[in-house]
Amino acid sequence: MSEVTKIKRRDFLKISGITGTGLILGFGLSARAGENVLTQFEPNAFLKIGADNSIVIFAKNPEIGQGVKTSLPMIIAEELEVDWNKIQVVQAGLDGRLGGQFAGGSTGIKNNWQALRTAGATGRSMLVTAAAVKWQISESECYAEQGKVKNKRNNKQFTYGELVDDASKLDVPESPGLKDPKDFKIIGTPKKGVDNHKIVTGTAEFGIDARKEGMLVAVILKCPVYGGKVTSFDDTETRKVEGVRHVVKIDARAPGQRVAGVAVVADNTWAAIKGRKALKVTWEHGEGVTESSAGINEQFNTYMSQKGSIDLRNDGDVDSAFNQSDKVLEATYEVPFLSHVPMEPMNYCADVKENECTVWGPTQVPGYVQRLAEVITGIARENITVNMTRVGGGFGRRLMGDYAADAVTISHELKLPVQVVWTREDDIQHDYFRPAGMYKLKAALDDKNKLVAWHLNASTTSRYLYRGSKDSPHTTEVFPDGFPAGFVSNFRMEYTPVKTLVPTGAWRAPGHNATAFIDQSFIDEMAHLAKKDPVDFRLEILGEEDKEMPYSDHGGPTYSTKRLKHVINVAAEKSNWYKKESGVYKGFAAHFMFGAYVAEVVTLALDSNDQPRIENVLAVVDCGIVVNKSGAESQIEGGIVDGLGAAMFGEVTIAEGMAQQDNFDTYKMIRMKDAPKIDIHIVDSQESPEGLGEMSLPMISAAYANAIFAATGKRIRKLPVKLSEVSS
Amino acid sequence: MAQFSLNINQHNYKVDVNLDTPLLWVLRDMLGLKGTKFGCGKALCGACTVHLDGNAIRSCSFPVSAVKGKVVTIEGLSENGDHPLQQAWEEIDVPQCGYCQAGQIMSAAALLQRKPKPSEKDIDMAMSGNICRCGTYLRIKKAILAAAEKGGAK
């Protein structure tokens, strides 16, 4: 390493950027010829190869547990044609040359697939050209294999390291040839997480671990009532706590930084926590104090009995269809607020100086944090460095930059580097919850027991309305093109948002985590009304003919009924769906979202107290090409466990403008004993790859509720499931 | 403030801290042993699990003044990061976000010391104090069983 650094590096870094359509490679500054000996080949910002054969691949996106620090570099390594075990993966910071860098919407693989293949193939192609020039043969007589370029004529070979000097002098090809997917050696195999060893030895660096020597820690007392303000504070006792250095009132200075409060800044975390306990603040609670779950429910109930404020879809004529049918069913479903509670509480570091600023910590949106820092400090964006640590869970919580904005604000005020640390109580109280909602469904069958009408009237505490977006408040709350829309000749969807000061945000599989529960449960209800098997009923609605259905939400513009029917059929077959066994009860659900198709079957039995107990979950998933088989199965498994946990326990309630839950004693989480066995079947597919971080979650609650109905005859229309109320 | 002598991972440390400081913050903020994580501050999630004389304790709710005995943290579980549980965790590719895993491993290690061949039910019981929001419980259980098979008590 020291030898490498001694030799001056020619400035040959080629500049690349990704637009929506793909990778653009450009040339760096030209070098003064003959000045230096090259030790590194950097065809673009995604990778570098040293003369010593060292290969570094940069992980561009935030790693929040979805596995992109492993899977995205796998794509580059595949096309670069290197031995996976010989590369080093390094987390990149925010870097415009790498294209969009964020974790959200399960888009990491899907959005980067083409660009990362091209990035790797560019490196390989240039190394092959370099070898061909050296041997004075055509490129077609050379091929790359496991970090070497080989000569087909005589079995001679160069290692990539031997070629870095020559390759660096070449022009970057505009469209390097990509591999034929049948030649993939890395993509589609199981690869272990690149940070596994560090994680199991306690040396992986998460945001909370990234406070530098000598930095202060800030713990903030925020108004417990949503929307409240600080009137005055008394820090006499706080300043007596050993280690407390500063007490400073902070106000929201950037959009999204919603809560003002008083920060206690200390030498260490415990001193800051103790100092905060001793702080006396007088609050102006404002109108938030009137917010309550009861009040929100009252509004939901009112809206259920009225026409929706937004007409989202109106096919045929549902009213006359209901009048003409004698098999009409109506049911009201409810879902509660949910908290994100990633295991790593919110925290962030900021070091704001006169004309520059460095920020780092756990976030899903490093670019957004940079913009917040620019707004708060007035420092130009190019002078704001954003570094990324591992992130101890995201689930949508860290799409918000509030806690990072707090760190920047305090560092800016004090002119000192600080780390903001939230306690779990802060995390739950000041979360942006999964919206609560109520959904009235009504559907009708014709004389052949076919589904002829479907009417949804929904109301939720819209997150788009909460954040003041210009987009329609129904966005990510309900999906007008979602199944069974388009298959039922009379179909209506209406929506009315509830405006509240209770914060809402994106929670793993936003919107779908509610709609898949209600749609896939009510389909089950209609199947029973039709006296048809629930799987057959779904297949009958989808029809025999394969169609591409228009789908205007994320994951569209269409979805394939062929692929949806396929996962349904495979799930029925693998679960022995049609085989009836006494004492074994099954529930089915299938859903399309974010480009992937998932069917799940919950099998349960009744225990000695007649309480349902899950024996097994089967998931059949079609997400196109799978990059990391181990990571994919992890995501599917994790999504199911997480979704089941939410269905079994998840609930935040509001009273007097505050969450009534504040830690894991009141906000219950699924634990090991309740995590069932899970069988996973991934459809072998050559379709373009989709993500997987969210797609196995939303339908599990319906599969579970449908299985409970099969076992007990009790229909679950409100989450979380209260098992004590459903014993058969 | 008071002086405490602590034996952690077979090293002796002297710290000068407030009596009520939880062991967690001594480890993380004073001694730089950041493998032990802060999750809830109330002994509800297990992210901060360490061993005190071989027993799993929640260091976030354990005042440093009450520490009488030898402490082992994830950094000291094995000399070369090769405890059978650590190996199984890597092999089975358990971690997702990874934040809770040090605490999970420390709970599992205490279990295997007490019960080298645990049943699935023993594992459910021993691990019930550790939360994983990513939902890695099934792989955790698999890794514990695999480590037990290979003599994970060591």
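Helix H4 (residues 160–168) of chain A lies across strands S8 and S9 of chain A. Its direction is about 80° to S9(A). Helices (H or I, at least four residues) and strands (E, at least two) are DSSP runs, numbered from the N terminus. Axes are lines fitted to C-alpha atoms, for helices over the stretch in contact, and angles run from 0 to 180 degrees between N-to-C directions. The model is predicted: local features need pLDDT of at least 70, side-chain atom pairs count only at pLDDT 80 or more, and totals for chains, interfaces and linings use all residues. Residues are numbered from 1 along each chain as its sequence is written, while chains are lettered from A and ligands numbered from 1 in the order in which they are written.

Helix H3 (residues 108–135) of chain A lies across S7, S8 and S9 of chain A, at about 135° to S7(A). These three strands form an open sheet in the order S7-S8-S9, with antiparallel pairing. Strands pair if DSSP finds at least two bridges between them. S7 (142–145) and S9 (157–159) of chain A are the edge strands; each has a single partner, so one side of each lacks a neighbour in the sheet. Neighbouring strands are turned by 20° against each other on average, direction ignored. Four bridges join S7(A) to S8 (residues 148–151) of chain A. A:Ala144 has A:Val149 in S8(A) as its bridge partner.

Helices H13 (residues 512–529) and H14 (residues 534–542) of chain A also meet. Their axes come within 9 Å and cross at roughly 100°. H13(A) is therefore roughly perpendicular to H14(A), a class covering 65 to 115 degrees. H13(A) contributes A:Ile523, A:Asp524, A:Met526 and A:Ala527 to the contact, and H14(A) contributes A:Pro534, A:Phe537 and A:Arg538. Residues are in contact if their C-beta atoms, placed from the backbone, lie within 7 Å.

A:Phe322 belongs to helix H8 (residues 318–324) of chain A. A:Phe322 is partly exposed, with 17 other C-beta atoms within 10 Å; buried requires 20 or more, exposed 12 or fewer, and partly exposed lies in between. Not counting residues up to four places away in sequence, A:Phe322 touches A:Val328, A:Lys442, A:Ala444 and A:Ala453.

Between the chains, 45 residues of chain B are in contact with 47 residues of chain A. On the chain B side, H1 (23–30), H2 (84–91), H3 (101–114) and H5 (137–149) each supply at least two residues. H5(B) gives the most, with four residues.

Note on methods: Two residues are in contact if their C-beta atoms, placed from the backbone, lie within 7 Å. Angles under 35 degrees count as roughly parallel, over 145 as roughly antiparallel, 65 to 115 as roughly perpendicular and the rest as oblique.
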